[in-house]
Amino acid sequence: MSNKKIMLALMTGVLGTSLAGCGGANDQAKAGNGGGDSSQAGPAKIKVALETGGLSYVEGSPDLNNDPYVKAVEKMANVDMDLQLIQHQNYSQNMQLLFAGGELPDLLQTQGINKPEVAPAIDAGVLLPLDELIDKYGPNLKKHIPKESWANAAVSKDGKIYGIPQENPIRNSAVTYMRKDWLDKLGLQPPKTVDEYIKVLTSFRDNDPNGNGKKDEIPFSARAKFSFGFQFFSAYDVHPQTWTFENNQLVPNFIRPGMVEALKVYKTLYDQKLIDNEFLVNQGKDWDAKIKGAGTVGMWATTSAAPDGVLAAIKANVPTAEIALIPSPVGPSGKPGGVYPLGSTVSDFVWTIPKNAKNPEAIIKFLDWFYAEGDKEKDNFFMYGLKDVNYTEQNGQIQYKYPTTNEAIGQQVMFQEWIHFTGPKRHLTDEAFLKGKPNGDLIVKSLQVAKAEGFEDAGVGMPSLPTMQARPELKYDGLWLEFAAKVVTGKESVDKFNDFVADWKKRGGDQVIKEATDWYNQTHKK
């Protein structure tokens with residue numbers, strides 16, 4: 001690899017680094033093959049702009065282009081990357097400035113081509129359509145990325161592919177947690193139905209499961225706007241952030257009739273102090289303090305991928321605490337519910353190639369390499385990191401040093417996620433790897449619960465609708481949230497639900513439904 005002086009810019013509100021100035025005049029001539037084939041040419045030079053993710057390892061690096069994990073990827077893939085960082089803070093503004101500056105990298109990480117900061121670049125022809133390039137140079141991309149990911153609005157528009165998606169192997173991101181030590185002490189089994197949930201929460205309230213002689217238990221807690229507390233809406237198939245296609249219309253679930261019964265449940269929970277009576281104003285730090293600090297919450301919902309970290313945080317203050325991951329309440333339909341709808345198969349990031357890219361063929365080959373099969377060195381790197389640094393190998397058996405310090409955790413995030421541009425994310429789903437972690441069985445159980453429940457949102461991938469942009473009060477956290485809060489706290493009767501729906505439609509809701517239905521029909525070719 002040739003010597004290079006790399007300007008690494010942490011964007012602090014202004015993109016001060018010229019991407020064009022970072023490469024040499026002979027980039028095209030020197031551009032190699034990419035995709036790990038080092039037999040024919042030198043490394044392909046690729047200027048890459050990507051988000052820091054707010055990661056301390058990334059943002060704290062004095063020279064990320066000389067980072068050992070970056071170097072390892074460059075060597076294995078036979079590329080020469082010039083990394084430019086887009087700071088996580090003020091990300092949208094930084095992306096807008098990047099596009100406005102006009103000096104784009106060869107490979108640009110976005111949060112989807114349908115995002116407001118990226119969509120105008122598609123319409124202006126700034127980003128390349130990738131169909132032909134993928135057909136010629138991306139056989140592994142075509143083979144392994146599912147059709148629904150290619151069709152996602154974050155990836156394609158008008159039948160053309162503009163982005164290479166990163167995988168989202170865990171579509172159900174949150175599950176319901178309960179204090180297992182409380183269940184055990186009270187001789188209770190994990191509940192299944194809404195009624196069983198209410199009985200367990202009532203016992204948590206009345207029977208001093210934390211054994212301190214005080215009536216300080218909070219049976220169930222959630223956060224402002226019902227965040228992390230949607231289980232009972234889902235039980236009635238009316239999660240208020242989601243949409244349903246019925247009667248040839250795409251409608252928000254918060255105006256569907258099932259909402260009446262769901263709101264009655266939340267009012268019962270509130271009246272009987274089975275739900276945290278501060279939940280409508282709870283911020284994250286307050287919520288965390290109750291669950292992890294005081295250890296006084298019996299049920300909540302949070303990440304499905306990292307229950308081990310949640311348990312460790314609680315045990316730091318309540319050493320006897322144990323947690324159980326349980327299926328969310330099942331409502332009258334008998335269908336498994338969930339805390340949030342199933343997410344897209346596309347993760348938070350989508351790679352795009354600006355039209356000024358000097359060697360788009362090599363870029364596609366590079367991204368294709370992440371999915372290449374039979375490359376043990378690559379697969380071990382993205383799972384375990386660097387040999388003799390993060391893991392050792394004896395008699396063909398890998399001995400991985402599961403991280404226990406912040407520094408080691410930062411390294412693990414680096415090689416498993418940040419520099420892992422696309423390709424399979426086995427570290428999130430491989431049971432043998434997960435079980436090796438402290439409390440690994442808990443992680444596996446959580447993922448099993450997450451996989452068994454969840455529901456589809458018919459509005460997934462829908463862009464921001466014009467009427468909702470002009471009238472944000474029509475979103476779920478506008479008029480509906482105001483009505484729901486009044487019902488739950490007894491300031492409004494749920495019998496006024498039909499009046500609320502009529503008012504919402506009159507204020508612009510009918511137009512919202514029309515725009516949503518048009519999008520749905522166009523997207524799903526109805």
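This short talk looks at one pair of packed helices and at some salt bridges in the structure above.

Hi everyone. A word on the ground rules: this is a predicted model, where local features need pLDDT of at least 70, side-chain atom pairs count only at pLDDT 80 or more, and totals for chains, interfaces and linings use all residues. Residues are numbered from 1 along each chain as its sequence is written, and side-chain values use heavy atoms, with hydrogens and water left out.

Let's start with the helices. Two packed helices are described by the angle between their axes and the distance between the axes. Helices here are DSSP runs (H or I, at least four residues), strands are runs of E of at least two, and both are numbered from the N terminus. Axes are lines fitted to C-alpha atoms, for helices over the stretch in contact, and angles between N-to-C directions run from 0 to 180 degrees.

So how do α12 and α21 pack? Helix α12 covers residues 259-271, helix α21 covers residues 476-488, and they meet at an angle of about 50 degrees with axes 8 Å apart. That makes the two helices oblique to each other; under 35 degrees would count as roughly parallel, over 145 as roughly antiparallel, 65 to 115 as roughly perpendicular, and the rest is oblique.

Who touches whom? On the α12 side we have M259, L263, Y266, K267, Y270 and D271, and on the α21 side W480, F483, A484, V487 and V488. Contact means heavy atoms within 4.5 Å. Those contact residues divide into 9 nonpolar, no polar and 2 charged. Nonpolar covers Ala, Val, Leu, Ile, Met, Phe, Trp, Tyr, Cys and Pro; Asp, Glu, Lys and Arg are charged, and the others, Gly among them, are polar.

Now, salt bridges. The whole structure has 29 of them, each a side-chain nitrogen of Lys or Arg within 4 Å of a carboxyl oxygen of Asp or Glu.

K264 is partly exposed at 39% relative accessible area, and E261 is partly exposed at 38%. Buried means under 20%, exposed over 50%, and partly exposed in between, using a 1.4 Å probe and protein chains only.

Next, K376 and E393 form a salt bridge at 3.7 Å, N to O. K376 lies in helix α16 (residues 376-384) and E393 in strand β13 (residues 391-394), so this pair ties together parts 17 residues apart in sequence.

Last, D379 and K378 meet at 3.0 Å, N to O. Here D379 is partly exposed at 25%, whereas K378 is buried at 2%.
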